[in-house]
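I opened a notebook for this structure and wrote down each thing I looked up. The entries follow in the order I made them.

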Amino acid sequence: MRNRLALLLILTLAAVASAAGRITINVNSQPIKEVLKEVKAQSGINLIYITSDIPDRKITLHLEDATLKECLDAILKDTRVTYSVKDNNIILRREAVLSPKRVISGFVREEESGEAAIGAIVRDANSGAFTTSNSNGFYSLPVTSSEADINVTLTGYTPISIRLDSLKLDNRLDITLTPSGKLDEVIIVGDKNSELTFESPVIGNLSMNRYSITSTPTLFG
């Protein structure tokens with residue numbers, strides 16, 4: 001299939017080049033964009049491209065009585081810019097460079113017990129990618145950049161943020177979560193001759209003497 005497309009491109013270029021005629025280029029240390037303008041002027045063929053796709057590079061090139069394909073191949077050599085033919089137009093595009101995926105993985109555990117922290121959300125603030133820890137506390141987070149700002153959250157635990165630089169393809173990051181707080185114990189104080197007092201720093205105090213307790217109506221039978 002790829003060979004067919006290549007052959008089709010060559011045949012199409014040949015037809016376009018035939019209409020364009022031969023081209024002579026003699027430039028020394030000239031920007032690629034300027035050389036493309038010269039090709040367009042001599043060939044009469046429309047060259048369509050986004051300016052930012054063409055590298056800001058200077059080239060030295062000497063071609064005489066060359067075909068359009070020979071010119072384009074020489075001008076765009078080592079630029080990652082490809083071209084295709086549509087009608088009487090040649091469209092130039094810069095190849096997309098896919099960043100290799102990097103993976104950050106490890107275990108999320110509870111600080112005091114060392115047990116797995118299940119369901120912790122591990123998120124990269126830069127890309128928005130996220131995952132959750134499984135029943136073993138394990139997580140795996142793919143990222144595309146060499147840097148990551150990792151945020152880890154789980155209900156009942158203090159959120160943490162970790163900055164990672166110069167990531168490799170595989171990166172190990174084990175995370176320990178600290179409980180965000182504990183409920184204070186309820187303290188009951190009383191003796192035979194004093195009021196019975198329920199003390200709780202969370203919900204307040206309630207005091208009742210023995211007479212109040214025995215005289216309080218019984219509810220629900």
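The entries below cover strands, backbone angles, salt bridges and one serine.

**Entry 1: the model**

I noted before anything else that this is a predicted model.

**Entry 2: strand pairing**

I looked up the partners of strand E5. E4 and E5 run antiparallel and are joined by six bridges. Within this pair, I found tyrosine 83 bridged to leucine 92 in E5. The two strands make a hairpin, with two residues between them. In that turn I noted aspartate 87, whose phi is positive at about 55 degrees.

I then turned to E2. E2 pairs with E5 in the parallel sense, over three bridges. Here asparagine 46 stands opposite asparagine 89 in E5.

**Entry 3: positive phi away from glycine**

I checked serine 29 next. Serine 29 is not a glycine, yet its phi is positive, at about 50 degrees. I placed serine 29 in strand E1, which covers residues 23–31. Is serine 29 buried, partly exposed or exposed? Its relative accessible area is 42%, so I wrote it down as partly exposed.

Arginine 80 also has a positive phi without being a glycine, at about 65 degrees. I found arginine 80 in the loop that runs between helix H3 (68–75) and strand E4 (81–86). With a relative accessible area of 44%, arginine 80 is partly exposed.

**Entry 4: salt bridges**

How many salt bridges are there? I recorded a count of eight.

I stayed with arginine 80 for the pair I looked up next. Arginine 80 forms a salt bridge with glutamate 95, and the closest N and O atoms are 3.6 Å apart. This pair links distant parts of the chain, 15 residues apart, with glutamate 95 in the loop between strand E5 (89–94) and strand E6 (102–110). Glutamate 95 is partly exposed, at a relative accessible area of 37%.

I went on to aspartate 56 and lysine 33. Their side chains meet in a salt bridge, at 2.6 Å from N to O. Aspartate 56 lies in the loop between strand E2 (46–48) and strand E3 (58–66) and lysine 33 in helix H2 (residues 32–43), so the pair ties together parts 23 residues apart in sequence. I looked up the accessibility of each partner. Aspartate 56 is exposed, with a relative accessible area of 77%, whereas lysine 33 is buried at 17%.

Arginine 172 and aspartate 174 form another salt bridge, with 2.8 Å between the closest N and O atoms. Arginine 172 is exposed, at 59% relative accessible area, and aspartate 174 is partly exposed, at 44%.

I also noted a network of salt bridges that links Glu147, Asp149, Arg163 and Asp165.

**Entry 5: serine 133**

Where does serine 133 sit? I found serine 133 in the loop between strand E8 (130–132) and strand E9 (138–143).

Key
Residues numbered from 1 in each chain as written. Predicted model: local features only at pLDDT ≥ 70, side-chain atom pairs only at ≥ 80, totals over all residues. Heavy atoms only, no water. Helix = DSSP H or I, 4+ residues; strand = E, 2+ residues; numbered from the N terminus. Buried < 20%, exposed > 50% of the residue type's maximum accessible area, 1.4 Å probe, protein only. Salt bridge = Lys/Arg side-chain N within 4 Å of Asp/Glu carboxyl O. Pairing = 2+ DSSP bridges.
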